[in-house]
Amino acid sequence: LNYKNNSEYSLDGNIFYKEEKIKFAYDIKYLEDNINIKGLINGKGLELSNNTNIDANSISGESDIDLKINNFSNFVKNNYLRDQSLKLDAKVSFTDKSIKFNNGKLINKKTLVNFKGDLIKKNKINIVRVDLTTDILDLDKLLLFSNNKKPIEVQDEKNNIKDPDKSKQYHIVDNIFKTLKFYDIKGNFTAKEIVYKSHNIKKVEAEFSKKNNLNISANLNSNFVEKLTVKSKINKKKLSTFVINAKNLNIKKVNDYMGFSRLSGVLNFSIEGNTNVKDKNSILKQLNGELTLNTKNILINDLNLKKLKSSILDIKNVEDLLELNKKVFKGNTNIKNQEIYVEIKNGNLKLPKTDILLDDNKITATGLYELAPNNININLNYNNENNKLLSLFNVNFKGNIKNIQTSLDYNKAKTDQLLGDILEKKMKKVIKDKLNNKFNDIIENLLE
């Protein structure tokens, strides 16, 4: 600390952080009850400049802050950001119990996030309110979705013993509740567009809060859904309850992404469920709830159920059975607009016995979709009480979602027997008709 002249001082020196030497230099002016502090902190990974005015009587003031971090991962324990620079500019006002941010800007290359908010100290709790807005947020360039860096092993300096607690990698939910134990947080986020894994998500509005639980809600749309709303609550044990609603989901565009081409059309759906967010496997395998589907102009591609029905009804002999496969998988099937209910249990989507309404009739469907291995098994059957032959045939979709095998199956023994009975009845009718005709001819001859 050096004295310059009346009420003016300079303060400069060095501090060390992770063996890095960081320089600081400040000018301090003291005039009656007003203090002005202006200067900078400069290191290899960090640059900070600020101009601060303080009212010594009320311990309040304002400050202009300009912060640049050249490598953000050097300053956080868990690296979820790429090794890139971040720049922060903000106007700050403060008292002994509060801090308020105005006109804040967070810049990462082409990404600009505007923010404002405040922090108020109340007893032992820090109450935080923040609003974030951006035009475009490119998460592909900002975040690490797969962090392959090895954790740093922390050793006891005296005994050269590894400390397992310090090197342990905590779940992000654990980090939030541990780090923000004494924080009550509520925030709002809006974005005109977000880029995530090359997908463009638009008109994003989100709210998040942390008190006893993590609460997240969001509204958005994209090139494959007109509107998607999500509400979720996560507790300290990583158990989550949620509600998801989608309006006008374009099935074909989703299928193009997933590699499944059997369906096209539009869906409205809602899911109310719960799961464990410990990891991806837990999310899928511990998922439970109810799914409601509302179909709009749904088309089953490469399956002609109308032709299947007419062909079955026209069967006259066993040879006709061999021709069915050639006819049923040419063309498509329209599904009427309807509501379908699906049960979700331990990561399995179960379709109970459900009548699917078609153009001119209906077909009964049952099915199972396993989320974790992405395997599907759906069975379609006419289940026609008025025609036993129709009920013996099943269309089956089975296999991995990206490589589904479609087959037409039937109970051979029962079908052969039923066809035999039908042929026998036809033969008996033919014989009876012929006998009746001969009997009529004899009577006519006798009368003559």
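I took a contact to mean heavy atoms within 4.5 Å. With that in hand, I looked at sequence separation: of the contacts between residues at least 6 apart in sequence, 42% join residues at least 24 apart.

**Confidence**
I kept in mind that this is a predicted model. I looked up the mean pLDDT of the protein and got 82, with 81% of the residues at 70 or more. Over residues 149–159 I found pLDDT below 50, though the model gives this stretch 18 contacts beyond near neighbours in sequence. I then checked residues 426–436, where pLDDT also stays under 50; here the model has 1 contact beyond four places in sequence. My reminder to myself: where pLDDT is low, the predicted coordinates should not be read in detail.

**Overall picture**
I counted 10 helices and 24 strands in the protein. Of its 448 residues, 31% are buried.

**Helix H3**
Which residues of helix H3 are buried? In this helix, spanning residues 172–179, I found Val173, Asn175 and Phe177. Next I asked which strands the buried residues of H3 pack against. They pack against S12 (199–210), S13 (214–222) and S14 (225–234).

**Lys307**
I located Lys307 in helix H6, which runs over residues 305–313. I noted Lys307 as partly exposed because its relative accessible area is 37%, and that value lies between the cut-offs of 20% for buried and 50% for exposed. Last, I looked at Lys307 and Gly331: they are 24 residues apart along the chain, and their C-alpha atoms are separated by 8.7 Å.

Notes
Residues are numbered from 1 along each chain as its sequence is written. This is a predicted model: local features need pLDDT of at least 70, side-chain atom pairs count only at pLDDT 80 or more; totals for chains, interfaces and linings use all residues. Side-chain values use heavy atoms; hydrogens and water are left out. Buried means under 20% relative accessible area, exposed over 50%, partly exposed in between (1.4 Å probe, protein chains only). Helices (H or I, at least four residues) and strands (E, at least two) are DSSP runs, numbered from the N terminus. pLDDT is the predictor's confidence in each residue, from 0 to 100.
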